Amino acid sequence: MSLFGSELRRAREGLGWSREQLAEEVKFSASLVEKVEVGNKFPSEAFATEADKALSTDGFLSRIRLHTLKQDVVPEWFRAWPDIEEQASVIRLFAPLVVPGQLQIEDYARALLGDEDQVAARMARQHIFVQDKPPDIVAVLDEAVLHRQIGSRDVMYRQLKHLTEVSASVQVMPFGADTYLGVDGGFSLVTVDNREISYVDTPARGFVLDDPEVVTQLVRRWDHLRGEALPQRQSQERIVEVAEQWNT
């Protein structure tokens, strides 16, 4: 039995409720409640929220869910990064291949990952947009990201539309950009308490780096890449243009 499942059962039984009674309160099936309690099904965000309301657990179950996603679902080498993102005042992203996880819609992430628990973990990272002090997010996307099909054409259309609506500055580095600095992979830079920390992807795994010399090199690379990107207004126009191509 998972921690979430055991605490859900403890709270339910503390009220003297059956699984059927809880199911009626949360508007989910009794069979789903049972699967969650015995650990055969990971709860959705909606399930955890409704269970907290019904059982008067003051967000406790939702916090367990989020902790589980951070610690049990994602690879060990990535576990520290979501917490670092939550503390950041500024997040800078460069993505040469796919839309960054923080900006992905659920169906785009599902097409990439193919595992519901990993999709849930990725969506949980977007909590940064609604926290009390959300970070300023600036993303530079290679134009190829807009044209590389992930999922269906409808998924691509909705993903690109999302890029024009999300609370982040999204810029596009066009195909004709005069730089090769981005061809060897994406990276992230975050500012936490006036200190820069980076995350770098490789085909095998990712690395959290805080060595000042390495981070300084990445900051210089970021500045160069952003300088080659289209201004934000032109970037938005390019994203809308390509989105409409996916919608035909």
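## Pockets, cavities and cores

Reader: Into which classes do the residues lining the second largest pocket divide?
Author: On a 1 Å grid over the protein atoms alone, a pocket is an open set of points with protein on both sides within 12 Å along at least five of seven lines, and lining residues have an atom within 4 Å of a point. Ala, Val, Leu, Ile, Met, Phe, Trp, Tyr, Cys and Pro count as nonpolar, Asp, Glu, Lys and Arg as charged, and the rest, Gly among them, as polar. On that basis, the lining divides into 13 nonpolar, 4 polar and 7 charged residues.

Reader: What volume does that second largest pocket have?
Author: This is a predicted model, where local features need pLDDT of at least 70 and side-chain atom pairs pLDDT 80 or more, while totals for chains, interfaces and linings use all residues. Residues are numbered from 1 along each chain as its sequence is written, and side-chain values use heavy atoms, with hydrogens and water left out. Volume is the space filled by probe spheres set on grid points, which are joined across faces, edges and corners. For this pocket it's about 590 Å³.

Reader: Which helix gives the largest share of its lining?
Author: Helices (H or I, at least four residues) and strands (E, at least two) are DSSP runs, numbered from the N terminus. Of the 24 lining residues, S44, E45, R65, A120 and M123 are the closest to the pocket's centre. Elements giving two or more residues are α3 (30-38), α4 (45-55), α5, α7 and α8. The largest share, 6 residues, comes from α8.

Reader: And the largest pocket: which residues are closest to its centre?
Author: That pocket holds about 880 Å³ of space. Its lining has 20 nonpolar, 8 polar and 5 charged residues. Of the 33 residues that line the largest pocket, the closest to its centre are V98, G101, R122, Y199 and D201.

Reader: Which element gives the most to the lining of the second largest cavity?
Author: This cavity has a volume of about 40 Å³. Its lining is P82, E85, E86, A124, R125, H127 and I128. With 3 residues, the top contributor is α6.

Reader: Turning to the cores, which helix gives the largest share of the largest one?
Author: A nonpolar core is a set of buried Ala, Val, Leu, Ile, Met, Phe, Trp, Tyr and Cys residues joined through side-chain atoms within 4.5 Å. The largest has 41 residues, and L103, L141, L146, L160, L163 and V190 have the most contacts inside it. Its largest share, 5 residues, comes from helix α10 (residues 153-165).

Reader: Is R92 buried or exposed?
Author: R92 sits in strand β1 (residues 90-95), and its side chain makes a polar contact (N or O atoms within 3.5 Å; within protein, one able to donate a hydrogen and the other to accept it, and sequence-adjacent residues counting only if both atoms are side-chain atoms) with the side chain of E196 at 2.8 Å. Buried means under 20% relative accessible area, exposed over 50%, and partly exposed in between, with a 1.4 Å probe and protein chains only. At 13% relative accessibility, R92 counts as buried.

Definitions and conventions
1 Å grid on protein atoms, 1.4 Å probe; cavity = no way out; pocket = protein on both sides within 12 Å on 5 of 7 lines; lining within 4 Å.
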